[in-house]
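Please look over the sequence and the model below before reading on.

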Amino acid sequence: MPPIVEIINVSKSYRRGNQMIPVLIDINLDIEEGEFLALMGPSGSGKSTLLNLIAALDHVDSGTIRVGGVDITALSENELAQWRAVNVGFIFQFYNLIPVLTAFENVELPLLLTGLSRKEREEHVAMALRIVNLEERMDHYPAQLSGGEQQRVAIARAIVTDPAILVADEPTGDLDRIAAREILDLMDRLNRESHKTIIMVTHDPKAAERARIIRHLDKGFLNNVYSQNPH
Amino acid sequence: MFILKILIRNAFRHKLRTSLTILGITVAILAFGLLRTFINAWYGGVEASSATRLVTRSSISLIFHLPLSYKDKIRQIDGVKTVSWGNWFGGVYIDEKNFFANFAVDAKTYLELYPEYILSPEEEKDFLRDRKGFVAGQKLARRFGWKIGDLVTLRGTIYPGNWDFVLRGIYQGRDETIDETQFFFHWDYLNEMLKKRNSTFADTVGWYMVGITRPERAIEVALAIDKTFKNSLAETLTETEKAFQLSFIAMSETILMAIEIVSFVVILIIIAVVANTMSMTYRERIGEYAIFKTLGYRNWRIAGMIFGESLVITIIGSLIGILLTFPVAKIVGKMLSNYFPVFNVADEAISMSFAASIVIGFLAAIVPTYRAIQIRIADGLRRIG
Ligand SMILES: Nc1ncnc2c1ncn2[C@@H]1O[C@H](COP(=O)(O)OP(=O)(O)O)[C@@H](O)[C@H]1O
Ligand SMILES: [Mg+2]
């Protein structure tokens, strides 16, 4: 089987003033289906940038990214929106829930773009909330939930459309140790039981330990050293 | 359904800010509605004027009179159906403050020519029979508590002395655009007295009111009348009643123009206020719009949320403003009733207010929407945290 993510000769730079700052330089990376990969590296090394490119939130300057066989660098903005809705679930450091919506409504958001009936949507949302063990909190607003609970709602939102890939940018960066462990356990389960391909950016070695493969980014280059965690 | 829920919740996320913005819109729409009503009231006489009536007056000025003898000549002109005439009386009732329009008219032809003044047949008969009789609009009669048979004395300003009249009829306007504050009496009575005094005003009239057969012939007939009196001692100027009314308004045209401009400036200001609210909102929500985009929400949905929120705020504000326009216009109308016999909130003022609110909501949302669409997801997400 071909890798689910193929990154080929990808470069990306940002403009700062009238200067171009290279952030990613000629990156090549394959990620197998069902992988749990941690991207590590010092702050500002380009981890988030690379993750955003894989998840089609940003555009490459050069190179190609194929996900599930589709060259996403060739898609239009609207096609990308649709592609993201179907293929990728997102988990962020600051949970990124919509504050005026309840947990239930936040999880329902991605489903509103599908043709599902109200009843089907309710079933899916209930199922996702059950997986993250927050069913009884579904009528709470984000402000009424703890950080760990908010992140679980965010995970429920990420998996509710059953995407093949989950991307997580510092998912435990804002949590205490216990909550962080819960989140990592949950991701572990999603990887092993539901066979989600997970790409997680982190600079926390404890978090990275849970991944099966760790890759290091440094100053825009992907190190060839990569560790494989024994499981 | 969902979008409505989120945009209403978003609109009221900052209760104080939203309430103040709504208050601003309410006040602006109220001011706008009142200014429009004021302008309408000013043009009130024009709207009520008939297309089948002409007014003939001295070509020099309204204060110069025309000979009574013109009436027969005008009547002979092709296209003319009825001729009536009148004099401005300018009488004062007890005190100058009690101003109202009062004039002497040729009663029978006048009532024929002005069917919009509705008088019961008995009252009409009583009025026509009584040389000293007069007719008042029901608003005027109510204002002074006059009842049929009451004796009313006016102090003449143009025609000195105290003049006694007996109220013989109270007319109602055919609809709400009709002035119900007029006072008219028999021209014959005035003329008789003037003759007795050997006044130079005897047998002269201030203006003729000419009923024509068909409105399309108005210009033709007007020209024919003026041509008849060309090179005579008193040349005439004939125009449609509408033009005649407008010539009064022309004097205050600049003021009206200024009011009109102010009414739109009010709207401009409130657009700026709402736009400011919406851009504050936008700045706080950049991250959220980025999240929606991340989840696959397309630009038109994001635009819908911003426009919707802006419209929710402006429509609530202007509905309150429009509802308040009616009672406030009533109060203002009462205070100004001496100057504006008809001060009703016109449908036009309401539809303009409503249109203005939609325009406000729309314009205020354009820039935030444009920016929300422009911003790249990665940049938007970086603002969170
Ligand atoms: N939108 C942007 N505009 C300008 N510079 C950016 C932008 N996004 C990231 N950068 C820069 O690119 C570099 C890498 O950023 P990022 O990928 O967020 O690093 P990491 O996630 O590894 O901390 C940083 O120097 C950052 O300042
Ligand atoms: Mg980062």
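1. Ligand 1 lies between chains A and B. This is a predicted model, in which local features need pLDDT of at least 70 and side-chain atom pairs count only at pLDDT 80 or more, while totals for chains, interfaces and linings use all residues. Residues are numbered from 1 along each chain as its sequence is written, chains are lettered from A and ligands numbered from 1 in the order in which they are written, and side-chain values use heavy atoms, with hydrogens and water left out.

2. As for confidence, the model has an ipTM of 0.94 and a pTM of 0.75. In chain B the average pLDDT (the predictor's confidence in each residue, from 0 to 100) is 90, and 97% of the residues score at least 70.

3. Around ligand 1 there are 13 residues, of which A:Gly44, A:Lys47, A:Ser48, A:Thr49 and B:Asp379 come nearest; a residue counts as near if one of its heavy atoms lies within 4 Å of the molecule. By class, this shell holds three nonpolar, six polar and four charged residues, with Gly counted among the polar ones.

4. Which elements supply at least two residues of the shell around ligand 1? They are strand S1 (5–16) and helix H1 (47–54) of chain A, together with helix H14 (377–382) of chain B; helices (H or I, at least four residues) and strands (E, at least two) are DSSP runs, numbered from the N terminus. The largest share, three residues, comes from H1(A).

5. Turning to individual atoms, an oxygen atom of ligand 1 is 2.7 Å from a backbone N or O atom of A:Gly44, and an oxygen atom of the ligand is also 2.7 Å from an N or O atom in the side chain of A:Ser48. On chain B, an N or O atom in the side chain of B:Asp379 is 2.6 Å from a nitrogen atom of ligand 1.

Methods: A polar contact is a pair of N or O atoms within 3.5 Å; within protein, one must be able to donate a hydrogen and the other to accept it, and residues adjacent in sequence count only if both atoms are side-chain atoms.
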